[in-house]
Amino acid sequence: MKTRFILIQTSHAGNVGAAARAMKTMGFDDLVLVAPRWPNVLRREETIQRASGALDVLANARIVATLDEALEGMSHLCATAMTPRDFGPPTAAPRQHFEMLLNKEHLDATGSARKAENIHQSDAASPGSAAQTGVAFLFGSERFGMANEDVYRCHVALSIPTNPTFGSLNLGAAIQVIAYEWRLALGGFEVQDATPARIQADAAQVAGMLDHWEQALTTIGFLDLAAPKKLMPRLNQLFNRAQLAPEEIHILRGVAKAMIEAAHPKR
């Protein structure tokens, strides 16, 4: 589903950069600014620094004079308004509203497909025959928030659940939360491993290490080969549960070598 983030009368250039960064981390790139304070805001140094590499989002961003221009092609409008109003769209948490919205989209799409199949209208399934839908997230100025008339145009007022005694979010943080929740609703991204996949030592490496340890433990008098009991099988089970990596095998063999050398110091 097409997604657009709209910033209305933004006064701080850094927040535009922060918005671009927040959007890119969640895979969005359609940013529109309505009458920002700085006409050159997309090229200002603070904007570029706060974007932290999301320069493609800034390059793709548009500046327009009116909200009507920014909303072109958008069918579902979401205000982000924390201040209660006597009149306006219903208030909902982002996750709750997104779940409802996507369920409705799914039901509508399924119903349209069945109807097209039943009446055998070939043009109903042709590309471009159905109106494209788009979701727009509207954010007001840092100082005043969204104007009432802009909120009234929206289908919902999204309210991020926060501490009841301190719900203040800066613009960049609010955009990040909304972008994350919307990406999560759309399916999200796979978690990226912070470390390479673990390689486990093979049985031969473990066996060689155990032989080395048996020699070391015998040398220091901890293991009596005449009455070994179950010490080595238990160590074998212990190391199997640990699922040692080859590097860890090298460490343990180094420990065994050090034990042997300590028991028989060089003269």
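Biologist: Which residues point which way from β6, and are they buried or exposed?

Modeller: Gly134, Ala136 and Leu138 face one way. Val135, Phe137 and Phe139 face the other way. All of them are buried. Buried is under 20% relative accessible area, exposed is over 50%, and partly exposed lies in between (1.4 Å probe, protein chains only).

Biologist: What kind of model is this, and how are residues numbered?

Modeller: This is a predicted model, where local features need pLDDT of at least 70 and side-chain atom pairs count only at pLDDT 80 or more, while totals for chains, interfaces and linings use all residues. Residues are numbered from 1 along each chain as its sequence is written, and side-chain values use heavy atoms, with hydrogens and water left out.

Biologist: Back to β6. Why is strand β6 largely enclosed?

Modeller: Six of the six residues of β6 (residues 134–139) are buried, so the rest of the structure largely encloses the strand. As for the two directions, side chains in a regular strand alternate between the two faces of the sheet.

Biologist: What joins β1 to β6, and how do they run?

Modeller: Six bridges join them, and they run parallel. Strands pair if DSSP finds at least two bridges between them. Thr3 has Val135 as its bridge partner in β6.

Biologist: How many bridges join strand β4 to β6?

Modeller: Four, and β4 (residues 76–80) and β6 also run parallel. Ala79 is the residue opposite Leu138 in β6.

Biologist: Overall, how many helices and strands are there?

Modeller: The protein has 10 helices and seven strands. Both are DSSP runs numbered from the N terminus: helices are H or I with at least four residues, strands are E with at least two. Of the 267 residues, 37% are buried.

Biologist: New topic. Where does Arg4 lie, and is Arg4 buried or exposed?

Modeller: Arg4 lies in strand β1 (residues 2–8). Arg4 counts as buried because its relative accessible area is 4%.

Biologist: What does the side chain of Arg4 meet?

Modeller: A polar contact of 3.0 Å links it to the side chain of Asp30. Such a contact is a pair of N or O atoms within 3.5 Å; within protein, one must be able to donate a hydrogen and the other to accept it, and residues adjacent in sequence count only if both atoms are side-chain atoms. A polar atom of the Arg4 side chain also lies 2.7 Å from the backbone oxygen of Ala70. Leaving aside neighbours within four places in sequence, the contacts of Arg4 (heavy atoms within 4.5 Å) include Val135, Ala136 and Phe137.

Biologist: And Arg183? What is the nearest side chain of opposite charge?

Modeller: Asp29, at 8.5 Å. Lys and Arg count as positive and Asp and Glu as negative; His and the chain ends are not counted. Arg183 is buried yet has no salt bridge. A salt bridge needs a side-chain nitrogen of Lys or Arg within 4 Å of a carboxyl oxygen of Asp or Glu. Arg183 lies in helix α7 (residues 171–186). A polar atom of the Arg183 side chain is 2.7 Å from the backbone oxygen of Met26.

Biologist: How many salt bridges does the structure hold?

Modeller: Five. One of them joins Asp56 and Lys24 (3.1 Å, N to O). Asp56 is in helix α3 (residues 55–60) and Lys24 in helix α1 (residues 13–25), so the pair ties together parts 32 residues apart in sequence. Asp56 is partly exposed at 44%, and Lys24 is partly exposed at 38%.

Biologist: What about Arg95? Which side chain meets Arg95 in a salt bridge?

Modeller: Glu181, at 2.8 Å, N to O. Glu181 is buried, with a relative accessible area of 12%.

Biologist: Are Cys78 and Cys154 buried or exposed?

Modeller: Cys78 is buried at 0% relative accessibility. Cys154 is buried too, at 7%.
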